[in-house]
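I opened this notebook to record what I looked up in one model, entry by entry. The entries go from the whole chain to single residues.

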Amino acid sequence: LAILVTRYVSLGSLLGSAAMFPAMLMLWAVASGTVPPAYLVWAAVGPALIWLAHAANIDRLLHGKARKFDLGMLGGRRGGGAA
């Protein structure tokens with residue numbers, strides 16, 4: 001949804017990684033705690049590492065300099081690149 005609304009693929013990826021911990025907590029709650037604790041730790045640490053590794057991209061997003069996905073390329077149009 002974030003990609004369709006903003007056309008920033010990187011924003012969608014960052015939000016998807018941020019959703020991992022809440023999703024794992026819900027899974028843990030539904031499974032009555034049978035999810036191994038290591039999964040919960042990885043669901044918290046993994047996204048943090050992703051965000052740290054993409055700090056330059058986050059900076060570009062914040063300053064409006066990140067490339068946007070060209071929706072026209074889905075229809076087979078060539079050229080244009082980022083909008």
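The entries below concern a predicted model.

**Entry 1. Overall fold.** I first looked up the secondary structure and found 5 helices and 0 strands in the chain. Read along the sequence, the pattern is α-α-α-α-α.

**Entry 2. Dimensions.** I compared the radius of gyration with the expectation for a globule. The chain has 17 Å, whereas a compact globule of 83 residues would have a value near 12 Å. I also noted the extent of the C-alpha trace, which spans about 50 × 30 × 15 Å along its principal axes.

**Entry 3. Surface and burial.** I looked up the accessible surface of the chain and recorded about 6,100 Å². Carbon and sulfur atoms account for 71% of that surface. Of the 83 residues, 20% are buried. For contacts between residues at least 6 apart in sequence, I noted that 49% join residues at least 24 apart.

**Entry 4. Nonpolar core.** Which residues make up the largest nonpolar core? I found 5 residues in it: Tyr 8, Leu 14, Ile 58, Leu 61 and Ala 66. In soluble globular proteins, nonpolar side chains tend to be buried together. I then followed Ala 66 and set aside its neighbours within four places in sequence. Ala 66 is in contact with Tyr 8 and Leu 61, and also with Asn 57 and Arg 60.

**Entry 5. Helix H2.** I listed the buried residues of helix H2 (residues 9-18), which are Ser 10, Gly 12, Leu 14 and Ser 17. As packing partners of these buried residues I recorded H1, helix H3 (20-30), helix H4 (37-53) and H5.

**Entry 6. Ser 17.** Not counting residues up to four places away in sequence, I found Ser 17 touching Pro 47, Ile 50 and Trp 51.

**Entry 7. Trp 51.** Trp 51 counts as partly exposed because its relative accessibility is 34%, between the limits of 20% and 50%. Beyond residues up to four places away in sequence, Trp 51 touches Leu 14, Ser 17, Ala 18 and Ile 58. I also checked Trp 51 against Leu 15: the two are 36 residues apart in sequence, and their C-alpha atoms lie 9.9 Å apart in space.

**Entry 8. Nonpolar surface patch.** I looked for nonpolar side chains on the surface and found a patch formed by Leu 1, Ile 3, Leu 4, Val 5, Val 9, Phe 69, Leu 71 and Leu 74. Together these residues have about 820 Å² of accessible area. Helix H1 (residues 2-6) supplies the largest share of the patch, 3 residues. Phe 69 lies in the segment after helix H5 (55-62). With a relative accessible area of 31%, Phe 69 is partly exposed; patch membership requires over 30%.

**Entry 9. Backbone at Arg 7.** Where is Arg 7 placed? I found Arg 7 in the loop between H1 and H2. Its phi is positive, about 70°, although Arg 7 is not a glycine. Most residues other than glycine have a negative phi. The relative accessibility of Arg 7 is 23%, so I recorded Arg 7 as partly exposed.

Key. Residues are numbered from 1 along each chain as its sequence is written. This is a predicted model: local features need pLDDT of at least 70, side-chain atom pairs count only at pLDDT 80 or more; totals for chains, interfaces and linings use all residues. Side-chain values use heavy atoms; hydrogens and water are left out. Patches are made of residues with over 30% relative accessible area and no salt bridge: like charges are joined within 9 Å, nonpolar side chains (Val, Leu, Ile, Met, Phe, Trp, Tyr) within 5 Å. Accessible areas come from the Shrake-Rupley method with a 1.4 Å probe; for residues, only the protein chains shown count as cover. A salt bridge is a side-chain nitrogen of Lys or Arg within 4 Å of a carboxyl oxygen of Asp or Glu. Helices (H or I, at least four residues) and strands (E, at least two) are DSSP runs, numbered from the N terminus. Buried means under 20% relative accessible area, exposed over 50%, partly exposed in between (1.4 Å probe, protein chains only). A nonpolar core is a set of buried Ala, Val, Leu, Ile, Met, Phe, Trp, Tyr and Cys residues joined through side-chain atoms within 4.5 Å. Contact means heavy atoms within 4.5 Å. The radius of gyration is taken over C-alpha atoms; the globule rule is 2.2 Å times the number of residues to the power 0.38.
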